[in-house]
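Have the viewer open as you read.

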Amino acid sequence: MFYFDHDPSAPTVDATPYGRIHRPDSLTPDALDARTWMGDESPSDDPDGATRIWDAARHWYAVGTQPAVQICVRHRGRIVLDRAIGHGRTPLEQVTGSTPFCLYSASKVIAAVAVWRLIDQGLLRLDDRVADLIPGYGTRGKSSTTVDHVLTHRAGVPFAFAGLDDPLRADDRDYVRRSLNRLWAVHPPGMLHIYHALTWGPLVREIVEAAAGRGIRDYVADEVTGPLGLRWTNFGVHADELVEVAHSHVTGPRVRVPIDTAFVLSTGHTLAATITASNSPDFLTSAVPSSNGVSTARELSRFAEMLLRGGEGVLRPETVARARRQRRVLRPDVATSGSPLRWGTGFMLGSHYFGPFGRRAPEAFGHTGLTHVAMWADPQRELAVAVISSGKTLSDDGGHYRALINTIAASFPAG
């Protein structure tokens with residue numbers, strides 16, 4: 001039995017104090033096995049590693065706040081774990097490794113690679129002024145903004161004002177440009193790092209489309225994910241594909257007012273309204289590079305493997321090295337709920353104890369998404385990983401998600 005699409009702020013017969021989405025009687029070992037999908041896996045160097053990782057994933061799922069979890073782990077070019085548990089759009093639909101999900105902010109890693117690809121092609125430079133790419137942008141304190149400022153969240157426009165949060169107009173290019181031009185810089189560009197949760201996407205889309213001379217979805221398909229043979233990995237989907245995309249669900253404890261206020265500032269909506277909008281056809285068929293990427297764990301880990309292999313023809317090895325070079329030292333960051341985080345140029349970076357990619361992973365790099373979505377490459381471990389979940393809770397699920405990430409890192413010794 002499930003609680004389906006439960007909003008913990010709305011009193012219902014099925015409501016629980018913690019907004020869980022399944023009942024305790026659905027979490028027996030047999031029930032968990034029946035709800036598990038397994039793909040083709042190769043033996044790991046540590047035969048027990050996959051078991052440890054999947055046990056950690058099942059413990060996380062058993063907390064009751066995740067309708068679905070997908071994990072794909074690639075080690076030294078082999079898929080050593082490719083599994084999913086739970087349901088997709090409805091409780092009657094078993095999730096599989098082919099079920100696509102919204103990636104939220106993990107979408108940014110796809111967009112960042114598109115920007116770096118344009119740089120490799122000589123069509124863009126990090127020091128290009130955004131005002132030269134977006135007509136009229138150089139007003140209200142934004143004239144000195146560069147592509148580098150945008151990629152590193154130093155553009156000075158972190159708040160979703162001026163109508164940029166309207167999913168109905170996300171693909172209206174003239175409207176988006178007018179909205180971007182109306183933004184006031186809250187600090188001189190380049191002065192501070194403040195995570196641009198939503199505004200990063202429209203800015204990067206306009207930058208990519210101006211430099212590429214075509215839509216960002218077409219550019220990504222032709223130049224980035226298409227060459228890797230990826231079916232889904234792009235921004236949004238076509239209208240006839242909507243029925244295949246799993247929904248996200250608000251779960252977990254009720255969000256506190258200060259946290260929801262921060263959501264409104266950064267995305268224009270509360271957490272619950274953000275998730276509701278993210279399931280809408282208007283959002284899922286538009287192109288918002290900050291938040292509406294769609295993929296599977298298998299595809300996203302393949303994307304991470306491309307980075308692990310030094311760009312694999314999509315980027316030059318020296319470009320990947322440049323992108324993952326530290327640009328911001330370890331310090332608390334809103335992008336990881338206040339946990340310390342290091343940044344490269346378009347990528348989050350791991351660390352010994354506080355990184356988003358497990359303990360003792362200082363060379364790992366990738367990106368996370370709302371709320372328990374992550375993809376990363378770890379050169380020390382020759383590891384490419386993606387974890388996707390559909391329950392959107394701001395709690396740490398009793399530490400079980402963190403335990404899963406740490407277990408993945410611990411199961412593959414660093415070289």
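Trp-60 and Tyr-401 are both buried, meaning under 20% relative accessible area with a 1.4 Å probe and protein chains only (exposed is over 50%, partly exposed in between). A quick note on the source: this is a predicted model, where local features need pLDDT of at least 70, side-chain atom pairs count only at pLDDT 80 or more, and totals for chains, interfaces and linings use all residues. Residues are numbered from 1 along each chain as its sequence is written, and side-chain values use heavy atoms, with hydrogens and water left out.

Back to the rings. There are four aromatic pairs in the structure; rings of Phe, Tyr and Trp (its six-membered ring) pair if their centres lie within 6.5 Å, and planes under 30 degrees apart count as stacked, over 60 as edge-to-face and the rest as tilted. Two of the pairs are set out here.

| Pair | Centre to centre | Angle between planes | Type |
|---|---|---|---|
| Trp-60 and Tyr-401 | 5.2 Å | 55° | tilted |
| Phe-347 and Phe-365 | 5.6 Å | 80° | edge-to-face |

Trp-60 belongs to helix H2 (residues 49–62) and Tyr-401 to helix H14 (residues 400–410), so their pair ties together parts 341 residues apart in sequence. Helices (H or I, at least four residues) and strands (E, at least two) are DSSP runs, numbered from the N terminus. Phe-347 sits in the loop between strand E9 (340–343) and strand E10 (348–349), while Phe-365 is in strand E11 (residues 365–369), 18 residues apart. Both of these Phe residues, Phe-347 and Phe-365, are buried.

Next, the sheet. Three strands make an open sheet in the order E4-E7-E5, with antiparallel pairing; two strands pair if DSSP finds at least two bridges between them. Strand E4 (101–102) and strand E5 (234–235) are at the edges with a single partner strand each, so one side of each has no neighbour in the sheet. E4 pairs with strand E7 (residues 293–295) over two bridges, in the antiparallel sense, and Cys-102 stands opposite Val-294 in E7.

Charges sit over rings too: NZ of Lys or CZ of Arg has to be within 6 Å of the ring centre and within 35 degrees of the ring normal. Arg-231 places its charged end over the ring of Trp-232, 3.8 Å from the centre. Lys-142 lies over the face of Tyr-137, 4.8 Å from the ring centre.
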